[in-house]
Protein chains: 4
Amino acid sequence: MNDKVRVAVVGCGYWGPNMVRNFSELDRVEVAVVCDLRQNRLEAIQRRYPSVFTTIEFARVVEDPTIDAVVLTTPVATHYPLAKQAITCGKHVFVEKPLTASLTEAEDLVKLARLHGRVLMVDHTFLYTGAVQKLKELIARGELGDLYYFDSVRVNLGIFQPDVSVVWDLAAHDISIMTYLLDRNPVAVSATGATHFKWQTEDIAYITTMFDDSLLGHVHVSWLSPVKIRQMLIAGSKRMIVYNDNEPSEKVKVYDRGVNFTDTSDALYDLLVNYRIGDVHIPRLDTREALHVECEHFIDCILTGQRPLSDGESGLGVVRVLEAAQHSIHNQGKVVYL
Amino acid sequence: MNDKVRVAVVGCGYWGPNMVRNFSELDRVEVAVVCDLRQNRLEAIQRRYPSVFTTIEFARVVEDPTIDAVVLTTPVATHYPLAKQAITCGKHVFVEKPLTASLTEAEDLVKLARLHGRVLMVDHTFLYTGAVQKLKELIARGELGDLYYFDSVRVNLGIFQPDVSVVWDLAAHDISIMTYLLDRNPVAVSATGATHFKWQTEDIAYITTMFDDSLLGHVHVSWLSPVKIRQMLIAGSKRMIVYNDNEPSEKVKVYDRGVNFTDTSDALYDLLVNYRIGDVHIPRLDTREALHVECEHFIDCILTGQRPLSDGESGLGVVRVLEAAQHSIHNQGKVVYL
Amino acid sequence: MNDKVRVAVVGCGYWGPNMVRNFSELDRVEVAVVCDLRQNRLEAIQRRYPSVFTTIEFARVVEDPTIDAVVLTTPVATHYPLAKQAITCGKHVFVEKPLTASLTEAEDLVKLARLHGRVLMVDHTFLYTGAVQKLKELIARGELGDLYYFDSVRVNLGIFQPDVSVVWDLAAHDISIMTYLLDRNPVAVSATGATHFKWQTEDIAYITTMFDDSLLGHVHVSWLSPVKIRQMLIAGSKRMIVYNDNEPSEKVKVYDRGVNFTDTSDALYDLLVNYRIGDVHIPRLDTREALHVECEHFIDCILTGQRPLSDGESGLGVVRVLEAAQHSIHNQGKVVYL
Amino acid sequence: MNDKVRVAVVGCGYWGPNMVRNFSELDRVEVAVVCDLRQNRLEAIQRRYPSVFTTIEFARVVEDPTIDAVVLTTPVATHYPLAKQAITCGKHVFVEKPLTASLTEAEDLVKLARLHGRVLMVDHTFLYTGAVQKLKELIARGELGDLYYFDSVRVNLGIFQPDVSVVWDLAAHDISIMTYLLDRNPVAVSATGATHFKWQTEDIAYITTMFDDSLLGHVHVSWLSPVKIRQMLIAGSKRMIVYNDNEPSEKVKVYDRGVNFTDTSDALYDLLVNYRIGDVHIPRLDTREALHVECEHFIDCILTGQRPLSDGESGLGVVRVLEAAQHSIHNQGKVVYL
């Protein structure tokens, strides 16, 4: 009897081969099948992984009873129908982000996975990086004090996506990181954006997420920036963080900085505000490849019944914000309540 | 007979002494009077500039027929009444930014200045920097092609202002630079922000300005950032610019970058998008102190009748956007038409 | 008849697999044999390249008449005996840097290659990067004017080499780049360095190379730096260059800067010196993998008889400087004439 | 009776006015006299400091019995004769760096100051910066472990000095910082350099200082660099430091990095070397103006008899290294023992 988890990877575009490579490196896994509609993509896989079975028929993947888990790295629009089929056939499913193309679809998948008792996990890769894990640890320990805001900039030149706007493509990362770190869901969204090429969707967008207090989340995404910026600012009453993902090693800087207000209404203004400038700390980060950690986590969840860190619910939460942001953009910043 | 322009500087807080110093260095100017309500501030001026007359009475300034021009570096709320008095008394007026605390006030001042034939100029200092002058030159020459967006980030820790929000304080810079460079006024504004200290106004804000086409302007201002960022991205169809004001000398970088779309609806997607990555150019900038250039310009306008680059109208345009942004923030991003 | 160049790669440590991969990707090449003393390394190659023949016997490589060229990625001490055998057996040889462990050995190899009419090429990979090619182009065109100096810093934490000092390991890169760019050989060397671990060789070194005029070359290499620095300054009378290899894309910056002296002995000093600060230009660079370009060049040289850009003579020139530097270090900076 | 220390500042070039300003701001000091040969420089001082007495005669300064201390900011060649006169007349003396133009002169001044019981202090300003004070604290506490090396780069375009080489001008800073931080004097020097303009002295130099163990000090100074670099690397067995003086606030970074060797001669090489990569710490620094701190220290030393941190002996130590370096440069790197 084969005691390895038998995985099928469906979709061999940009991201699929990374999945094949990472799952292949895991001891407890056998990449059994790779599926794609393009024969030449399958041939390339076959050359590098001679023992893998390749097919252009998705039905053969889900109907194969020896397959335990399906990894979907296909266009966003196909996530829902393919994942639904796979779950219904009793497979554990690992979907590239975003989980689905709409909130309704996401809700249905989450329900189905619960019903069938299958693992549904979304590939929000950044959550598994050493940087985000360190941020989570710092915030969870209360090192930042009361949280003031989360600000993320993710801009570069390209890569224009044919099927989704920059919101669904890039902001999916920031929203997933934000909700994971803050451990709260926003209550409203206001967003603006622009489309600069007639048959395209938005190539630049600004998304504000509001919470039920003064906490603010903001995301700036763009495919039209001359330079690549991957920077987050996260501030609290006790400490503030800059996370620059472009830095090769010093990605996370923790600033012992803040503002103290003395709330004495009769005192002179000058005496009331006081800036605290302390040391800066750059913690060492886990440097393992995030996708490797994530693939291992998916297998752990299958084998132990553990709930994935980026499970269906969290993926659904991201989709809810993205859908609201897209709606707000089409209404010039009109607030959308969640 | 004295053929020098006799200037009075009113307000000796942070910015006033810089005005005194810069006007003092001009050949054609005599800083005749300095006015402030705080006697100790006047004494400090007196020590450094023994020949200057100091007073705590604004009336003595405007009623002095030998005074040609009044420079106002007082709190924003006082700009309107003081400027109005000065103009009515026949003085040319140079006001610290923002021009006034409301659009109605700004409109009245502009009207008054026209009526009395006086120069009304706003101290939008950044317009007189070598960097912004170079940007203006590049954009005006059409080097960027069709403009896509203007994005500005101006954040740091402090300095909290007692009387105005971060929008009126910091964003005044970005909006003035934006409207000057683009040479267009936005038609609508959507903004969000937050207040983290109970008796304060907004300390963080995100402002989107919309134009009558796909051009987008965005400003992020904050007093609660662990690090100081002063960065603008300006992109067009032919070139893109990064202007980082924190750089000591290489502030403006011109990227020969862009995206080419081939609009052939039947072609495969992959063939349609093409990224152009060319050279980067860092132009040498004029390194003169901007405030010096600006003070000289004010005097030129007085003597020649020339219209100031940052005249009342442009200051009014800035106030219009700020007021709309503040209104939108209070309505969670609701679009405000201008 | 097989019209492909049949290549054998000898040595499967860190660099060897890169050679196998790059030569495998070339159309005109067949990687026929891979040789290493460690069976497990060969097995790893076999798994990835099933069609390659592997062996632990170097004799089988050089005695195989179907092998056209031998690539040596073995420890430095073995370069000479292995290359000698290969050339004598009529093979073209491509050796990892540095060419040999001594000048005498290098001279012998160069002589042998000439005698047997074989290509002898050294893997000075950096010469084939887009950055160095752009520098070469700029310098060769005279864009820098008269050359003043070449200064290179190549420091990081590790990787300590068991068999050679930091001079032979890291400075080999800088000396090869320097002599290629300047197109001149130094006439003397003075170097200093230190050994901080008793059974090790030098882990930090400073090498000054002198030319027959005021041109100066300097190299700082270290395995004991907390941060990785890869920076060159190259200055001439007309322009100056900063080449920072750590930059992801803006590696080469060309500064239109210089000093003008007016040689009027009776003039006042202040009038004589004049600094020219002009624009900065960042040229777009070829982004192809340098090793790929280099492997292709080796094959071209074999097929066309063209002289390699990093041929035996140039490799010998590098070894001459390294040997002199090592000698000078042992004599506390004493000048060594070449 | 006047209980303030009465100071005379001699030399009103670039640095003198800074001395006048800083001493003027001290409560316990009266800047009584300013002396320079150029009448226009004195007039400028007079305008800004009307109560200061100005003179072109140095004799009047030293012969004035009410003057307690003389500050010399004159060309290097004049330091010795002027300081000698001042000390002999019973004045405390504060000399701009370097102390003198030769070792013999320095020795004589130190002897004289001791004989007359006067304070002799050298203006090695950097020692009084928050950054160097923090480095001193860290090194003195043993936080770096055994010291491996001190490496300093101080390069920029200009300012060419008419009277001294780049060694005497710029390296004076680095050598003073090095000897202060390491608290040891080098035993030998090997240096190289070049002169690119015929009637000039060296404009670029590389100086290696050797100690009686494997500790190494190196200084690279240049007036011919396209960019300004002010960076020091200081490494020890436990921690390593990067001090970048160009950084506006994060100047000192402490790296918890090192190399561990297991000295088991029979083990395989791979097992012996182990790199330790820990956190990075950026300490908050004192941001007071260094010259202000230093001027205050000079006054303290006069009033309390305390020995200056940059006293005559330490200034002499710097001159000894500079003279040796200059000699070594003229002999192409020949080692000079101290």
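Two residues are in contact here if their C-beta atoms, placed from the backbone, lie within 7 Å. The model is predicted.

**Chain D against chain C**

By that cut-off, the contact draws 39 residues from chain D and 39 residues from chain C. By residue class, the side of chain D that touches chain C holds 26 nonpolar, 11 polar and two charged residues.

**Domains within chain A**

Chain A splits into two domains. Domain 1 covers 5–124 + 290–306, and domain 2 covers 127–289 + 320–337. Taken over C-alpha atoms, the centres of the two domains of chain A are 30 Å apart. Their contact takes 14 residues from domain 1 of chain A and 13 residues from domain 2 of chain A.

Two helices of chain A, H4 (76–88) and H9 (290–304), each supply at least two residues of the domain 1 side. The largest share of that side, six residues, comes from H9(A).

**Residue classes of the two sides**

| Chain D, touching chain C | 26 residues | 11 residues | two residues |

Terms used
Residues numbered from 1 in each chain as written. Chains lettered and ligands numbered in written order. Predicted model: local features only at pLDDT ≥ 70, side-chain atom pairs only at ≥ 80, totals over all residues. Domains from an automatic or database assignment. Helix = DSSP H or I, 4+ residues; strand = E, 2+ residues; numbered from the N terminus. Nonpolar A, V, L, I, M, F, W, Y, C, P; charged D, E, K, R; others polar.
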